[in-house]
Amino acid sequence: MAKYLIKRIVHGLISVVIVVAIVMVMIYSLMDRNLIFAKDSTYSHLSNNQKVTYRYLKWEEYGYIDYVPYADYLTELVAKGEIDDETRSAAVAFGRQKESDSDTVKKYIKQFRKEYQARGYKIVRLDAVMIGKKKVADGGQQQLFAWRNEPLPKRLWQYISSIFVIDNVKNVEDINGKRGLTFTSHDPVYGGTKFSPAIIGNGTTHRYLLYFDKQFPFFHQNVLTIHLGTSYAVNKGVDVFNTMTDSQGSYKKSVITYPTGLEESSADNLHSATYVKGSLSTNTVLQSRFADDYTNISTIKSGKSKMGYSFVIGIIAVLISYGLGVPLGITMARRKDKLVDQIGTIYIVFILAVPSLAYIFLFKAVGGKLGLPTTFDMDSRNKLMYILPIISLALPSVANLMKWLRRYMIDQMNADYVKFARSGGLTENEIFVKHILKNASLPIVHDIPFSVYGALVGAIITERVYSVPGAGNLLTEAINQYDNGVIVGVTLFYALLSVACIIIGDVLISMVDPRISFSDKAR
């Protein structure tokens with residue numbers, strides 16, 4: 001079993017990498033990269049050369065290209081000790097047109113061009129856009145830079161290799177005090193008055209590496225962090241994993257004690273503190289709260305995370321679908337061609353024939369007439385808002401379970417071993433329970449993890465219709481706003497989830513049916 005699972009995990013991870021690579025090819029090679037500016041108000045207000053350079057900057061930010069301004073190249077030469085600051089100042093002032101360059105400028109531009117062209121870059125020089133002979137037009141300043149498309153293998157490797165990041169005491173520079181880890185049995189966040197163990201770092205990116213709090217699952221860690229890529233539009237500047245797992249809704253305030261001893265009613269989550277160099281020296285508000293540069297913190301909110309909403313709705317929908325679909329499928333099989341079987345068949349045909357989007361809107365309209373909430377409100381405590389999204393996800397699964405369980409059971413009823421069991425004197429109930437139901441349930445049990453996965457994937461449409469702030473709705477928002485980081489990150493999440501479902505399904509079926517073994521030993 002262990003050898004089989006390792007093999008499946010390895011093959012699954014390879015499949016995930018291939019899926020991510022395909023998505024990257026679609027995004028970065030097949031889609032028009034100018035689409036990212038469709039809703040960019042800043043871009044629409046720029047003009048001339050400034051608009052061109054902004055475009056290249058954004059392409060680099062979104063991962064399309066590597067972009068190197070001429071000024072950055074000269075700064076790099078200073079850092080290497082190849083030129084001094086005075087030479088840099090003379091070389092960086094290139095002319096409005098090529099003909100007006102000084103000898104020093106010509107020398108270093110030639111060097112810049114030669115070095116980056118040898119590495120596959122294209123050099124772009126934009127002459128100043130003039131109004132008359134002396135005045136530069138708005139946004140028309142001269143520009144010089146090198147760029148090249150990021151190769152897919154490099155982009156894929158950078159993405160995969162940076163998913164998991166381990167924090168350590170050498171991560172940040174210029175810290176106050178000695179680098180290292182400190183264990184405390186009384187967390188200062190709780191005022192140090194009750195037992196609340198934590199491991200605190202100095203020199204680490206996160207202040208708290210291990211800690212307890214009142215939020216499920218109560219024990220938390222920041223030693224290993226997951227990065228799925230930065231969002232540039234949906235949740236600008238925030239990692240996709242944090243976007244999916246951070247709480248949402250209104251701020252949840254409580255009285256907290258800051259490191260300086262200040263007590264205040266706030267939603268700040270001090271356990272999330274990360275290092276920001278120089279943040280304390282220029283901000284008097286932060287100085288009243290923090291003792292060092294561990295000042296970047298998130299806030300605690302009253303609602304669930306995007307992943308939390310998706311899982312809650314998806315898992316409840318699966319429980320309902322199995323609670324209804326299994327007994328109804330069994331009833332249809334045992335009463336084949338009777339009234340209950342005919343009614344069930346009509347329901348199955350309706351669900352399978354009508355497009356999912358159509359009956360989701362149908363349920364929404366009917367639910368609205370019955371007084372049920374048709375849109376989601378994170379700040380509301382009304383649990384009725386869960387009903388319509390759950391029903392929209394559960395009813396198609398009920399139909400599928402009814403259809404397949406009925407088919408499996410009817411096939412088993414006509415099998416030879418059932419005829420032998422009857423001839424052996426077993427009653428119909430004994431044959432049904434010990435043989436037919438057991439064998440017919442095997443594929444159903446195997447598909448339980450896929451039902452959960454299907455509910456989450458199906459929630460992409462459902463969450464959009466009912467405005468559920470879940471992971472599925474996140475993907476549609478990212479596609480609409482051409483947020484490449486979120487698209488790739490959510491794709492990776494669903495790909496990993498599918499691999500986990502395949503493995504869990506195999507384990508479940510081996511537990512239910514002892515005849516199935518994943519061992520390589522001869523039987």
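This briefing covers helix packing, nonpolar cores, sheets and selected residues of one predicted model. Because the model is predicted, local features need pLDDT of at least 70 and side-chain atom pairs count only at pLDDT 80 or more, while totals for chains, interfaces and linings use all residues. Residues are numbered from 1 along each chain as its sequence is written, and side-chain values use heavy atoms, with hydrogens and water left out. The largest nonpolar core has 48 residues, and a second, separate core has 23 residues. Helices (H or I, at least four residues) and strands (E, at least two) are DSSP runs numbered from the N terminus.

**Packing of H17 and H18**

- Helix H17 (residues 471–480) packs with helix H18 (residues 484–512) at an angle of about 145°, and their axes are 9 Å apart. Axes are lines fitted to C-alpha atoms, for helices over the stretch in contact, and angles run from 0 to 180 degrees between N-to-C directions.
- The crossing of these two helices is left-handed, a term for a near helix turned anticlockwise from the far one by less than a right angle.
- On the H17 side, Ala471, Gly472, Leu474, Leu475, Ala478 and Ile479 meet Val486, Ile487, Val490 and Tyr494 of H18. Contact means heavy atoms within 4.5 Å.
- By class, the contact of H17 with H18 has nine nonpolar residues, one polar residue and no charged residues. Ala, Val, Leu, Ile, Met, Phe, Trp, Tyr, Cys and Pro count as nonpolar, Asp, Glu, Lys and Arg as charged, and the others, Gly among them, as polar.
- Tyr482 is placed in the loop between H17 and H18. The phi of Tyr482 is near 55°, a positive value in a residue other than glycine. Tyr482 counts as partly exposed because its relative accessibility is 22%; buried means under 20% relative accessible area, exposed over 50%, and partly exposed in between (1.4 Å probe, protein chains only).

**Nonpolar cores**

- In the largest core, the residues with the most contacts inside it are Val20, Tyr56, Tyr64, Tyr159, Met244, Val490 and Tyr494. H18 gives the most to this core, with 12 residues. A nonpolar core is a set of buried Ala, Val, Leu, Ile, Met, Phe, Trp, Tyr and Cys residues joined through side-chain atoms within 4.5 Å.
- Val20 touches Leu156, Tyr159, Val488 and Leu492, not counting residues up to four places away in sequence.
- The second core includes Ile313, Tyr359, Leu393 and Tyr466.

**Three-stranded sheet**

- This open sheet has the strand order E1-E5-E2, with antiparallel pairing. Strands pair if DSSP finds at least two bridges between them.
- Strand E1 (65–69) and strand E2 (122–126) are the edge strands, each pairing on one side only.
- Neighbouring strands of this sheet are turned by 25° against each other on average, direction ignored.
- E2 and strand E5 (residues 143–149) pair over five bridges, and Val124 has Phe145 in E5 as its bridge partner.
- Helix H3 (residues 48–61) lies across E1, E2 and E5 and runs at about 130° to E1.

- A second open sheet has the order E7-E8-E9-E10, with antiparallel pairing. E7 and strand E10 (219–221) each have a single partner strand, so one side of each is left without a neighbour in the sheet.
- E7 and strand E8 (residues 198–202) pair over five bridges, and Thr184 stands opposite Ala198 in E8.
- Leu181 is in strand E7 (residues 180–184) and counts as exposed because its relative accessibility is 53%.
- Leaving aside neighbours within four places in sequence, Leu181 is in contact with Val169, Ile199, Ile200, Gly201, Thr204 and Leu209. The C-alpha atoms of Leu181 and Gly201, 20 residues apart along the chain, are separated by 4.5 Å.

- Strand E12 (residues 254–257) and strand E13 (residues 263–266) run antiparallel and are joined by four bridges. They form a hairpin with five residues between them, and Gly261 in the turn has a positive phi of about 100°.
- Ile316 lies in helix H10 (residues 306–334) and is partly exposed, with a relative accessible area of 34%.
- Asp337 is in the loop between H10 and helix H11 (339–353). The phi of Asp337 is near 70°, a positive value in a residue other than glycine, and Asp337 counts as exposed at 54% relative accessibility.
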